[in-house]
Amino acid sequence: MPVSLIVLAAGMGTRMNSDLPKALHKVAAAPLLHHALNAGRSLESERIVVVTGHGAEEVARAARDYDEAALTVVQEPQLGTAHAVAQAAPLLADVPGDAIVLYGDTPFIRPETLAAMLAARARHAVVVLGFHAANPGSYGRLLIDGNTLLAIREFRDASDEERAITLCNSGVICADVKTLFSLVAEVGNANAAGEYYLTDIVELARKRGLTAGVVICNEAETLGINTRTELAAAEAAFQARARADALENGVTLTAPETVFFALDTHIGRDAIIGPNVLFGPGVTIESGAEIKGFCHLEGCHVSRGADVGPFARLRPGAELAEDVHVGNFVEIKNAILDEGVKVGHLTYIGDADVGEFTNIGAGTVTCNYDGVMKHRTRIGKRAFIGSDTMLVAPVSIGDGALTGSGSVITEDVPAEAVALARAKQVNKAGLATKLFERLRAIKAAKGKS
Ligand code: UD1
Ligand code: MG
């Protein structure tokens, strides 16, 4: 059965005390919106519609960053969750199958839970995701009779008896697309908040003789973000789970509590991750690679047998082939390092291609930026870049070539050549002793005056 996603992300998020729309605040280096969309990824959704409002353009951009095909619609003004869903109707008029409504600020719904809701659709026209709340606060309450959901009562409209119910509405709702929009069209706003409540569709469905049901999930899944404190708690919860997953998947984490993952971090079995490592977005570490302590990685790929760090930084576009060695205080950006390349110490490699088994000496810098444009450095196979070489790009070093330590290379170096681009050394016999004697005499004379 085809399924589409409707993600509600128009809300302002006043309690975040922020200029940034709430759905764009990040957990695990990804906007909350991406987490919500990620839950639906395994469903291979037919269509994705994100309802935007506050910061509409930025939220729409984030939606397209996640999936180029995502559609967005602006809800203005924001008159409630049913009104928000109704905005998506024109964009889903032609799609068959079901729709699942998610919230942009609720990052932890599991794909398995959404699958369970779709399965429950075989028995009910409307399926609501509920949870038993430790502290039900102002959540909407689920009024049930056996397996049947009778109604969802918003806290502000609930009686004391209804408020005593601890089974709550997560906000996630699933129904056939056409049924959903025809029910939403009937929702009114005669309630305590004067809003169009999506939750009213349960009673409206029952009036039509349709049934509604509940799928129950763990409360942790329904955690919504309203404040910075909740954002920090969500980050901690995400990291705790990501660390446990990594260990379970056969990754060694020497000090798990000090490693931070992104939503899309992939780490292969038998990789070893040292203490205090941070993964930004877009990192893949293959099986058996090692990332030593205090490394910062984003947008990079580390192949089997490679080792990185301690204290290394891999920035977007860093591609390390098998058995590459990147040592301490090395930064790599937008560069391809072929098999067996060694960059041991204190080096910047940016906008470069480095051929297999080339050795890059300490203190090497690819001078890739002229103040206006970026240029590429090409280094062949089995070359040897002497320590403290400045490679002024665009420049290329041939296979098997060598640059002398301290060289400033501004012209291409042919294969197998030695390039020396530094001042010639001059030794002045005995001059050091004379120089020191003179300096000591000056110091002594100053001390007397
Ligand atoms: C909603 C549910 C409540 C449930 C709770 C779970 C309704 C009426 N109530 O209440 O039963 O227990 O979520 O967290 O649905 N949004 C829009 N446009 C709007 C209004 C909201 O896009 O006009 C978006 C918000 O950005 C947010 C989501 O919908 O992502 C939920 O809105 P919110 O105002 O937080 O609803 P609650 O009052 O918490
Ligand atoms: Mg809310």
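Reader: Is A318 buried or exposed, and what is its relative accessible area?
Author: In this predicted model, A318 is buried, with a relative accessible area of 0%. Buried means under 20% relative accessible area, exposed over 50%, and partly exposed in between, with a 1.4 Å probe and protein chains only.

Reader: Which strand does A318 lie in?
Author: A318 belongs to strand β22, residues 318-320. Strands (E, at least two residues) and helices (H or I, at least four) are DSSP runs numbered from the N terminus.

Reader: And what is A318 in contact with, leaving aside its neighbours within four places in sequence?
Author: Apart from those neighbours, A318 is in contact (heavy atoms within 4.5 Å) with G299, C300 and H301, and also with I332, N334 and A335.

Reader: How far apart in space are A318 and A134?
Author: Their C-alpha atoms are 46 Å apart, and 184 residues separate A318 and A134 in sequence.

Reader: Let us turn to the pockets. How much space lies in the largest pocket?
Author: The largest pocket holds about 1500 Å³ of space. A pocket is an open set of points on a 1 Å grid where a 1.4 Å probe fits, with protein on both sides within 12 Å along at least five of seven lines; lining residues have an atom within 4 Å of a point. The volume is the space filled by probe spheres set on the points.

Reader: Which lining residues are closest to its centre?
Author: K22, T81, Y103, D105 and N226 are the closest to the centre of the largest pocket, out of 50 lining residues. The elements that give two or more residues to this lining are β1 (3-9), α3 (81-87) and β10 (167-176). The largest share, four residues, comes from β10.

Reader: What about the second largest pocket: how much space lies there?
Author: About 830 Å³. Its lining has 33 residues, and N38, F238, R241, L263 and D264 lie nearest the centre. Helix α9 (228-248) is among the elements that supply at least two residues to the lining of the second largest pocket, as is α1 (32-39). The largest share of this lining, five residues, comes from α9.

Reader: Why is α1 largely enclosed by the rest of the structure?
Author: Helix α1 is largely enclosed because seven of its eight residues are buried. These are L32, L33, H34, H35, A36, L37 and A39.

Reader: How are residues numbered, and which confidence limits apply?
Author: Residues are numbered from 1 along each chain as its sequence is written. Local features need pLDDT of at least 70, and side-chain atom pairs count only at pLDDT 80 or more.

Technical notes
Chains are lettered from A and ligands numbered from 1 in the order in which they are written. Side-chain values use heavy atoms; hydrogens and water are left out.
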